[in-house]
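Student: I would like to learn how to read a model like this one. Please show it, and I will ask as we go.

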Amino acid sequence: ITIPELPTSTTTYPSGVTITPTTTLIFDSTGQPYNSSGTALTSDFNLMVTTSDTTKIVTVSAQTGFIQ
């Protein structure tokens, strides 16, 4: 995860936590998400956050960038 306000370009997850797929999402000033090529997402994007005993899906909405 890249957080613009931090001086480093990577964030380390706690031991045992994985996030897939590995990707870059960019949000413009209105919150609309783009892929690493700068193309606006045309459909919702799902990330899987996995620990040793559970998996959760995090969805980024294409037009609004709403994360749930």
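Student: Which residues does Ser36 touch, not counting those up to four places away in sequence?

Tutor: Contact means heavy atoms within 4.5 Å. By that test, Ser36 touches Thr24 and Ile26. The C-alpha atoms of Ser36 and Ile26 are separated by 6.8 Å, and the two residues lie 10 apart along the chain.

Student: What should I know about the model first?

Tutor: This is a predicted model: local features need pLDDT of at least 70, side-chain atom pairs count only at pLDDT 80 or more, and totals for chains, interfaces and linings use all residues. Residues are numbered from 1 along each chain as its sequence is written, and side-chain values use heavy atoms, with hydrogens and water left out.

Student: Is Ser36 buried or exposed?

Tutor: Buried means under 20% relative accessible area, exposed over 50%, partly exposed in between (1.4 Å probe, protein chains only). Ser36 has 53% relative accessibility, so it counts as exposed.

Student: What is the strand order in the open sheet of three strands?

Tutor: Strands are DSSP runs (E, at least two residues), numbered from the N terminus. Two strands pair if DSSP finds at least two bridges between them. Here the order is 1-4-5, with antiparallel pairing. Strand 1 (18–20) and strand 5 (55–60) each have a single partner strand, so one side of each has no neighbour in the sheet.

Student: How many bridges join strand 4 and strand 5?

Tutor: Six, with strand 4 covering residues 45–50. Phe45 stands opposite Val60 in strand 5.

Terms used: Helix = DSSP H or I, 4+ residues; strand = E, 2+ residues; numbered from the N terminus.
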